Amino acid sequence: MPSIPEKTEASALPVTRTPTWQGVSLPWLLGAVWALGVIALMARLAYGLLAVRRIARTAPEVDAGAWRAALHEVADRLDLDELPRLVVSNAVRVPFACGFREPTIVVPADAMSWTDDRRRVVLLHELAHIQRRDMIGHVLSRLACAMYWFHPLVWMAAQHLRAESERACDD
């Protein structure tokens, strides 16, 4: 009687195993490193947004007539519907625009001695950021950088976005 050949280990399908390091699989380890990078960059973004919000909320509004007149003049030129808040702070060295729902322009304390022309140029630039809603694009680019922190092209794209945003407002 002919015998039935037995299965040997050589005929079994090869089993692929995920490489491990000290009992931890490589995909899990890479996922954990990615998550730590995301958490760190999100925390940095949140801290920065909270710091800007604190500065904008605690800074006193500018009530100098020359600044208010320049703000009204430039806002009319850009055809803005609502005027943003204009505040002065000792905590900043350069002017900037911030805020999504309540746009605010923050100027440094030494800006009170600026000439009329410089006031208008700065306000025109910052109001252009508000009109273009650049703050939303900047936050979205930072979120993309946080999610894809390992990819240098994402960082380069975010840098180019900020540079082009500044150029557009200067124009």
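Predicted model: local features only at pLDDT ≥ 70, side-chain atom pairs only at ≥ 80, totals over all residues.
Local features were taken at pLDDT of at least 70 and side-chain atom pairs only at pLDDT 80 or more, whereas totals for chains, interfaces and linings use all residues. Residues are numbered from 1 along each chain as its sequence is written, and side-chain values rest on heavy atoms, with hydrogens and water left out.

Helices (DSSP runs of H or I, at least four residues) and strands (DSSP runs of E, at least two) are numbered from the N terminus. Three strands form an open sheet in the order β3-β5-β4, with mixed pairing, where two strands are taken to pair if DSSP finds at least two bridges between them. The edge strands are β3 and β4, each of which pairs on one side only. From one strand to the next the twist averages 30°, the axes being lines fitted to C-alpha atoms, for helices over the stretch in contact, and the angles running from 0 to 180 degrees between N-to-C directions. In general, strands of a sheet pair through backbone hydrogen bonds, in either the parallel or the antiparallel sense.

Strand β3 (residues 85-89) pairs with β5 in the parallel sense over five bridges; V106 of β5 is the bridge partner of V87, and I105 of β5 stands opposite L86. Strand β4 (residues 96-98) pairs with β5 in the antiparallel sense over three bridges, and here F96 stands opposite V106 in β5. The hairpin of β4 and β5 has five residues between the strands, and within this hairpin G99 takes a positive phi near 95°.

Strand β5 (residues 104-108) is mostly covered, five of its five residues being buried, a term that denotes under 20% relative accessible area, as against over 50% for exposed and partly exposed in between (1.4 Å probe, protein chains only). Both faces of β5 are covered, with T104, V106 and P108 buried on one side and I105 and V107 buried on the other. The two cysteines C98 and C169 are likewise buried, C98 with a relative accessible area of 9% and C169 with one of 7%. The count of disulfides (pairs of cysteine sulfur atoms within 2.5 Å) comes to zero.

Pockets were located on a 1 Å grid over the protein atoms alone, as open sets of points where a 1.4 Å probe fits, with protein on both sides within 12 Å along at least five of seven lines; lining residues have an atom within 4 Å of a point. The largest pocket has a volume of about 1000 Å³, and of the 29 residues that line the largest pocket, L49, V52, C98, G99 and M135 are the closest to its centre. At least two lining residues come from each of α1 (26-58), β4, α3 (116-132), α4 and α5 (152-170), and α1 gives the most, with eight residues. The second largest pocket holds about 270 Å³ of space; among its 13 lining residues, L80, E82, P103, I130 and R133 lie nearest its centre.

Residue I136 lies in helix α4 (residues 134-147) and is partly exposed, with a relative accessible area of 39%. Although I136 and F100 are 36 residues apart in sequence, their C-alpha atoms are 7.2 Å apart in space.

Notes: Points joined across faces, edges and corners; volume = space filled by probe spheres on them.
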